[in-house]
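Here is a short note for a colleague opening this structure. Please keep the view at hand while going through the points.

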Amino acid sequence: MADHNAHTYFGLRVLEQLPADLRTHVSGDMPAFHLGLYGPDPLIFSLLTKHISDRLHKNWRTESLPGLSKALQKGSATARSFAGGYVLHQLLDDMKETLAAAEGAGLAAPQVGVLRRVFIM
């Protein structure tokens, strides 16, 4: 998993490159967007909740994505902003894990389902 600074930088860079209408759609509440960029990571810091963080990282597409998708489509500005940040958090984690599994071999964003240029090291 990447650290929060990496998630913040990545999230803000992606946000500024989105088409204006989509950028406005997910940035109506920037504090919520930043909170979403943490993903489930804050749960790691407690022995009582670490297992939840691990599960959410591993199963985010099945457990979290349906609710995030609904929030992005029909949610309030706060819900849309949080969901947008959370999805970007998970995307960066997926890319980092895919790169690690390939033992540093090249990785293309389409391998994790996204047609964007991203540099991971």
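1. Start with a term. A residue counts as buried under 20% relative accessible area, as exposed over 50%, and as partly exposed in between. R13 has 34% relative accessibility, so R13 is partly exposed. Keep in mind that this is a predicted model.

2. Which residue forms a salt bridge with R13? The partner is E16. Their closest N and O atoms are 2.3 Å apart. Both residues sit in helix 1 (residues 4-17), three residues apart, which means about one helical turn separates them. E16 has a relative accessible area of 46%, so E16 is partly exposed too.

3. Move on to helix 4 (residues 50-58), which holds both D54 and K50. These two are four residues apart, about one turn of the helix. They form a salt bridge, with 2.9 Å between the closest N and O atoms. D54 is partly exposed at 38% relative accessibility. K50, at 34%, is partly exposed as well.

4. Now look at E63 and R55. Their side chains meet in a salt bridge, at 2.8 Å from N to O. Is E63 buried, exposed or partly exposed? At 37% relative accessibility, E63 counts as partly exposed. R55 is partly exposed, with a relative accessible area of 36%.

5. How many salt bridges does the count come to? The count is four. Among them are E16 with R13, D54 with K50 and E63 with R55.

6. Next comes helix packing. Two packed helices are described by the angle between their axes and by the distance between those axes. Take helix 6 (residues 65-74) and helix 7 (residues 77-101). Their axes come within 8 Å. They cross at roughly 135°. Angles over 145 degrees would count as roughly antiparallel, and 65 to 115 as roughly perpendicular. Helix 6 and helix 7 are therefore oblique to each other. The crossing of helix 6 past helix 7 is left-handed.

7. Which residues of helix 6 meet helix 7? On the helix 6 side they are L65, L68, A71 and L72. On the helix 7 side they are A79, R80, A83, G84, Y86 and V87. By class, this contact has eight nonpolar residues, one polar and one charged.

How values were computed
Residues numbered from 1 in each chain as written. Predicted model: local features only at pLDDT ≥ 70, side-chain atom pairs only at ≥ 80, totals over all residues. Heavy atoms only, no water. Axes fitted to C-alpha atoms, helices over the stretch in contact; angles between N-to-C directions. Parallel < 35°, antiparallel > 145°, perpendicular 65-115°, else oblique. Left-handed = near helix turned anticlockwise from the far one by under 90°. Contact = heavy atoms within 4.5 Å. Nonpolar A, V, L, I, M, F, W, Y, C, P; charged D, E, K, R; others polar. Buried < 20%, exposed > 50% of the residue type's maximum accessible area, 1.4 Å probe, protein only.
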